[in-house]
Amino acid sequence: MIGVLFQGIGYGLVLAMLIGPVFFALIRTSIAKGFASGAYLAFGIALSDSFAATVVYLSIAQFQDNTIFQNYLGLLGGFLMIGFGLSYFLIPVSKRKFSPQRSMRPTQGIKHIIEGIFLNLLNPLVYIFWLGIVSYTTVSQGYNLHENFIFFLGTISTVFLTDLLKAFIADRITNYLTAHLISLIGRIAGIALVGFGLRLLFFAAYGL
């Protein structure tokens, strides 16, 4: 199980490098209202990831022993991962502007948790991401329910902890968030996703 956990942590590090609307919302909130607000937002994001992963897994778990379904699921998940990975090479990234002023009002934790939940869940790409991950764990890795839980725990916990780190250093990191650096980070994550996708396609075609 330790190996499964570390694989989940590794995948979480890849997801943590992806630059999207959630990343910019986390940085903006942390700059404007402080670390505590960013931490509550990150917690809401983690809750929504847990919900999305559960929904996606339960939706396909009933077909887990169906070889034909797993073949098609593996092919779909592999192409989705490769598509997301390539998008970080094809879509230009521009630096976002943030206001450096902080709010002096008390942190409204519940409000930020709800904001993080809806910000993530209303993005359909989140479900597609988790479809790719579930495809990877069930097709190429052959994980059962317990192993999937350990993998998801490692992935979501890693993303949450790195989001806390982003919130903590938001005041400093924004000075270095050039368009070139954002693009470089995205491309590194893109390469990793393409690698996962290719491996998933291989197992879908030859490993079952």
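Author: A salt bridge here is a side-chain nitrogen of Lys or Arg within 4 Å of a carboxyl oxygen of Asp or Glu. The model is predicted, with local features needing pLDDT of at least 70 and side-chain atom pairs pLDDT 80 or more, while totals for chains, interfaces and linings use all residues. Residues are numbered from 1 along each chain as its sequence is written, and side-chain values use heavy atoms, leaving out hydrogens and water.

Reader: Thanks! What makes Lys 166 and Asp 163 a salt bridge?

Author: The closest N and O atoms of Lys 166 and Asp 163 are 3.4 Å apart, and the limit is 4 Å, so the pair qualifies. The structure holds one salt bridge. Side chains of opposite charge can pair when their charged atoms come close.

Reader: Why is Lys 166 called buried?

Author: Buried means under 20% relative accessible area, exposed over 50%, and partly exposed in between (1.4 Å probe, protein chains only). Lys 166 has 14%, so it counts as buried.

Reader: How many helices and strands does the chain have?

Author: There are nine helices and zero strands, giving the pattern α-α-α-α-α-α-α-α-α along the sequence. Of the 208 residues in the chain, buried residues make up 47%.

Reader: How do you know that Val 134 is buried?

Author: Its relative accessible area is 0%, so Val 134 is buried. Val 134 lies in helix H6 (residues 124-140), and its C-alpha atom is 7.8 Å from that of Ala 53, a residue 81 positions away along the chain. Ala 53 sits in helix H3, and at 2% it is buried too. From Ala 53 to Trp 130, 77 residues apart along the chain, the C-alpha separation is 5.7 Å.

Reader: Which residues make the nonpolar surface patch?

Author: Leu 86, Phe 89, Leu 90 and Ile 191 make a patch of about 410 Å². Patch residues have over 30% relative accessible area and no salt bridge; nonpolar side chains (Val, Leu, Ile, Met, Phe, Trp, Tyr) are joined within 5 Å, like charges within 9 Å. Leu 86 has 41%, so it passes the 30% cut-off, and at that value it is partly exposed. Leu 86 is in helix H4, and helix H4 (residues 67-90) gives the most to the patch, with three residues.

Reader: How much space lies in the second largest pocket?

Author: About 270 Å³ lies in it. Of its 14 lining residues, the closest to the centre are Ser 50, Thr 54, Phe 149, Phe 152 and Ile 156. Helix H3 (35-61) and helix H7 (145-168) are the elements giving two or more residues to the lining, and H7 has the largest share, eight residues. A pocket is an open set of points on a 1 Å grid where a 1.4 Å probe fits, with protein on both sides within 12 Å along at least five of seven lines; lining residues have an atom within 4 Å of a point.

Reader: How does the lining of the second largest pocket divide into nonpolar, polar and charged residues?

Author: The lining has 10 nonpolar residues, four polar and no charged. For linings, Ala, Val, Leu, Ile, Met, Phe, Trp, Tyr, Cys and Pro count as nonpolar, Asp, Glu, Lys and Arg as charged, and the others as polar.

Note on methods
Areas by Shrake-Rupley, 256 points an atom, 1.4 Å probe, with all protein chains shown as cover. Helix = DSSP H or I, 4+ residues; strand = E, 2+ residues; numbered from the N terminus. Points joined across faces, edges and corners; volume = space filled by probe spheres on them.
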